[in-house]
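Please take me through the architecture of this protein and the spaces within it, one question at a time.

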Amino acid sequence: MLFPKNIYNKLGFDQVIDFARNHCETELGKSIHTQVKYTNQSDILFLRLEQTKEALEILENAKLNVFLPLDFDLHEKTAHIEGFFYEIESIQEISDFLVSAKKVDDFFRNNIDEYPNLSSVFKDVGIDYTLIDQIDQILDPEGKIKPSATPKLRKIHNEIKKLESNILKSSNNIFIKAKEKGLLANTELGIKNGRVVLPVLSEFKRKVNGVLIDQSGTGKISYIEPMEIVGLNNDLSELQIKKRLEIITILKKISQQIVLNLREIKKARKNLAIYDFVRSKARLASDWKCVLPKFDSFTNVINSKHPLLKERLSDESKQLVPLDYSLDKDNRIIVISGPNAGGKSVALKTIGLLQLMLQNGFLVPCSDESTFQIFEHIFIDIGDDQSIESDLSTYSSHLKSAKHIINFCDENTLVLMDEIGTGTDPMFGGPIAEAVLESIHAKNAYGIITTHFSNIKTKADQLTGIQNAAMLFDVDKLIPLYKLQVGQPGSSFSFEVASNIGLNKKLIKRAKALTDTKQYDLDELLSDVQLQQEKIKEKELELNIKLENAKKYEHEYRLLKEKLEGQKSEIIQQANIKASSIIKSANKEIEKTIRVIKESSADKKKTDKVRNSLKQKVTKLGDDIPDTISTEIKYKIGDQVQVKGSDISGEITEIKKNKITIRFGALTTKTSIENIEKVGQGNAKKVKKYISESSYFIKQQSFKSEIDIRGMRTHEALSEVDSLIDTALIMGVSKLRILHGKGNGILRTEIRKHLKQNPTIVNMSYERVGLGGEGISIIELG
């Protein structure tokens, strides 16, 4: 049960339906939006939601792009009358429908495992799709009867062409002769009432042997059918009659086949209307970033947003603050307090609207980690229902709503009440509101209630299962934060709000003096508590960020240390191998030199020669020793560098010989100068490698400035487009064409939204209509 009757209007759900209806392609699809009702039956609800989720997935992946031509007349009342036949236009509409129906039917038959809930809509369709071929045999692409539709029609058509040729030939001869005699007006041969006529000047009409068919508006020209071709024109008229009769015979025959399938066609049209309806909800979900949440016996909603308010704020370039809320058996009711215009009513309406959307089969704008419970009843008391006609005041209307809520609410009810107890003297309105709250609590109903009354805040703190909550307020800036914080009541910040809008300071001071001391002290206390909590939360957030950064730096330092240790062992091992090789070579040369000296018996020339040879070889061996200190790159304190083979960059803080100290955030480390490189060298190497792999000229010649992304998933298309732009920038190409197609416009919208964020693009437009129009985007690079 829903209360009141205009609950859809009060919560804005009627506007949600209007948005969804606008996404329908057909009037039949739109009509279903007025038929679907709120439900708490889980099997029906889950089917509606799963169908919408499946339709959303089909849309996002562009798996089924189909036009739904459903708004045509089947002439059901006259279709079974003997002699009835569909006009050519109706047959063409039915053919278009059958083509779309077959495309949808084939898709879900082939994807029944992936989309079982939507596939169930089309499982019993039994249309004879050979009708499509039968209609194609008689209608051409322009919706006209083909001359070859039947052998008889082909024969008649050929005879008409032959006769028309004879008439034209004879008419031209007569026309030339009459023109030479000066009998004709300055126009060509004409056709009047389906007959070829001469445009004779009226003063000469008696000089032309023929039948007067018509005259011009001024009477100056008489249209005369020459007697020589009257017989031919009569024969042509007879053939045209035969042609029309044969076409009627053809239409009757195909109409009989359509009538035989009329029941299945009606059923398929209804199913496609349901698909149009479901797809419209999926399109709305795509626009509003809606999801299918989880279901359980409790409610825990994360990052929910009022979709209508989000639309409005988006137009004003403002951000909507998301709402988190929870309800369960231990905490059934939340009492929200806080300043006016602080978001209490918006929070209330957001909760109510999302619940209505969900239980009407719509996906909802929140985190997919959210959990909802299903309510049998939703009762609300929001806004002013005062009525002059029924002599109902604001206060009376609230009492009437409260009466219904108290009488009918139970443990399966969600109650939403805005500013409970208002509209009368607060001295009496407060106690009545308190009594209403106690009654709702006693019925174990779930609820969200907003208030400014202190006694309601106190009662919420006293009763088990009720939580106080506050809409937060920035005391320093004197502006609402629109954030809901559960745990303690909120101050109304009456004087702060009054001061913010510029009310006279003396007046505010006087109002404070007139305020009950205890009440004022309580409000001040709540304000101070909120301020202190905000400061604590800020400090907590700051500490959490520092802690996360410390963990990150610790992890990076550990990886860096392990890398350096590994490199150190490898370098030492390689140096030892090299040194060992050098020593072995040196020993061999020394031994050889000693042997030569001994054998030469101290011959001075030979001795000097082998000594010089030994010196040169030792020098060469020394040259083979790798120089571990690079002198080509000069480093200085403050340079940004990174360890070779690592993506972690830091700043040089100290240089001692070949040792360098690098600071990575809050951590520092030391390493050899040969283990580092300046930031950016890696990228330079990549570019150099790219250019050197093949001739730049060849790459530029083979580069294509157009890409076709139709049929791709969105993320694949975005990646391909980015790659094309990167290559174009290197190649020096300034103009690109992106073929994304029109379709439902989802891929096109995502591509253009993505491209707007690219700073290298200086202009973006659609291709000319004759060359593809909105199916192709032209981008120019700066």
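Predicted model: local features only at pLDDT ≥ 70, side-chain atom pairs only at ≥ 80, totals over all residues.

Me: How many helices and strands does the secondary structure of the chain come to?
Reply: The chain has 782 residues, of which 40% count as buried. Among its contacts with a separation of 6 or more, 68% are between residues 24 or more positions apart. The secondary structure amounts to 23 helices and 24 strands.

Me: In the open sheet of four strands, which strands stand at the edges?
Reply: The order of the strands is β2-β3-β5-β4, with antiparallel pairing. Each edge strand has a single partner, so one side of it is left without a neighbour in the sheet. On average, neighbouring strands are turned by 50 degrees against each other, direction ignored. The strands at the edges are β2 (190-192) and β4 (210-215).

Me: Which residue of β5 stands opposite Gln 215?
Reply: Strand β5 covers residues 221-226 and runs antiparallel to β4, to which five bridges join it. The residue of β5 that stands opposite Gln 215 is Ser 222.

Me: At about what angle does helix α9 run to β5?
Reply: Two helices may be described against this sheet. Helix α8 (residues 151-180) lies across β3 (195-201) and β5, and runs at about 10 degrees to β3. Helix α9 (residues 227-260) lies across β3, β4 and β5. The angle of α9 to β5 is about 75 degrees.

Me: How many charged residues are in the lining of the largest cavity?
Reply: By class, the lining has eight nonpolar and three polar residues. The number of charged residues is one.

Me: How many nonpolar residues line the second largest cavity?
Reply: About 40 Å³ of space lies in this cavity. Its lining consists of Phe 13, Ile 17, His 33, Val 36, Phe 277, Asn 360 and Phe 362. Two of these residues are polar and none is charged. The nonpolar residues number five.

Me: How many charged residues does the lining of the largest pocket have?
Reply: The largest pocket has a volume of about 600 Å³. Of its 19 lining residues, Ser 286, Asp 287, Lys 289, Glu 750 and Lys 753 lie nearest the centre. Helices α4 (42-60), α10 (262-288), α11 (307-315) and α23 (746-756) each supply at least two residues of the lining. Alongside five nonpolar and six polar residues, the charged residues number eight.

Me: Which helix gives the largest share of the lining of the second largest pocket?
Reply: This pocket holds about 460 Å³, and the closest to its centre of its 25 lining residues are Leu 309, Gly 342, Gly 343, Val 346 and Tyr 482. The lining divides into 11 nonpolar, eight polar and six charged residues. Helices α11 and α12 (344-359) each contribute at least two residues. The largest share, five residues, belongs to α12.

How values were computed
Residues numbered from 1 in each chain as written. Heavy atoms only, no water. Nonpolar A, V, L, I, M, F, W, Y, C, P; charged D, E, K, R; others polar. 1 Å grid on protein atoms, 1.4 Å probe; cavity = no way out; pocket = protein on both sides within 12 Å on 5 of 7 lines; lining within 4 Å. Points joined across faces, edges and corners; volume = space filled by probe spheres on them. Pairing = 2+ DSSP bridges. Axes fitted to C-alpha atoms, helices over the stretch in contact; angles between N-to-C directions. Contact = heavy atoms within 4.5 Å. Buried < 20%, exposed > 50% of the residue type's maximum accessible area, 1.4 Å probe, protein only.
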